[in-house]
Amino acid sequence: GNILSCKVAADSTGKSYGYGFVHYETEEAAKQAIERVNGMQIGEKTVQVSQFVKRQERDRPDIYTNTYIKGIPDSWDEAKVNEEFGAFGSITSMALRQDPKGRKFAFINFEEPEQAKQC
């Protein structure tokens, strides 16, 4: 279907965060894209495609596995973050970022809610 707009989420240097948004002209075109592309292998990644849901309309589970960590030392890289926080349990994904002031923070997703809670 016709695409009205699309955006890849990226940091200030243009490095992709690994997700984006596509606005189709019709709901039917969007549904077809979800059916055709969701689960597709592109390079080494499996693509997950779903309908956008506004934050305030999303189901909010009482059990979380994702954590937000701020105040990470400047000298730490992804390997060090994985090493330190991996002590709490199995990490399924991690994103290390810097804010515009250069302060590091991370989003770490654990396999089990109890691991995230302990972290």
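## Aromatic pairs and a buried arginine

Phe-21 is partly exposed, with a relative accessible area of 41%, where buried means under 20% relative accessible area, exposed over 50% and partly exposed in between (1.4 Å probe, protein chains only). This is a predicted model in which local features need pLDDT of at least 70 and side-chain atom pairs count only at pLDDT 80 or more, while totals for chains, interfaces and linings use all residues. Residues are numbered from 1 along each chain as its sequence is written, and side-chain values use heavy atoms, with hydrogens and water left out.

The structure holds eight aromatic pairs, a pair being rings of Phe, Tyr and Trp (its six-membered ring) with centres within 6.5 Å, counted as stacked when the planes are under 30 degrees apart, edge-to-face when over 60 and tilted for the rest. Two of these pairs are listed here.

| Pair | Centre distance | Plane angle | Class |
|---|---|---|---|
| Tyr-19 and Phe-21 | 5.9 Å | 90° | edge-to-face |
| Tyr-68 and Phe-105 | 5.9 Å | 50° | tilted |

Tyr-68 belongs to strand S5 (residues 66–72) and Phe-105 to strand S7 (residues 104–110), so their pair ties together parts that are 37 residues apart in sequence; strands (E, at least two residues) are DSSP runs, numbered from the N terminus. Tyr-68 is partly exposed at 49% relative accessibility, whereas Phe-105 is buried at 17%.

Phe-105 is also among the residues in contact (heavy atoms within 4.5 Å) with Arg-97, leaving aside neighbours within four places in sequence. Arg-97, found in strand S6 (residues 91–98), is buried yet has no salt bridge, a term for a side-chain nitrogen of Lys or Arg within 4 Å of a carboxyl oxygen of Asp or Glu.

Key. Helix = DSSP H or I, 4+ residues; strand = E, 2+ residues; numbered from the N terminus. Lys, Arg positive; Asp, Glu negative; His and termini not counted.
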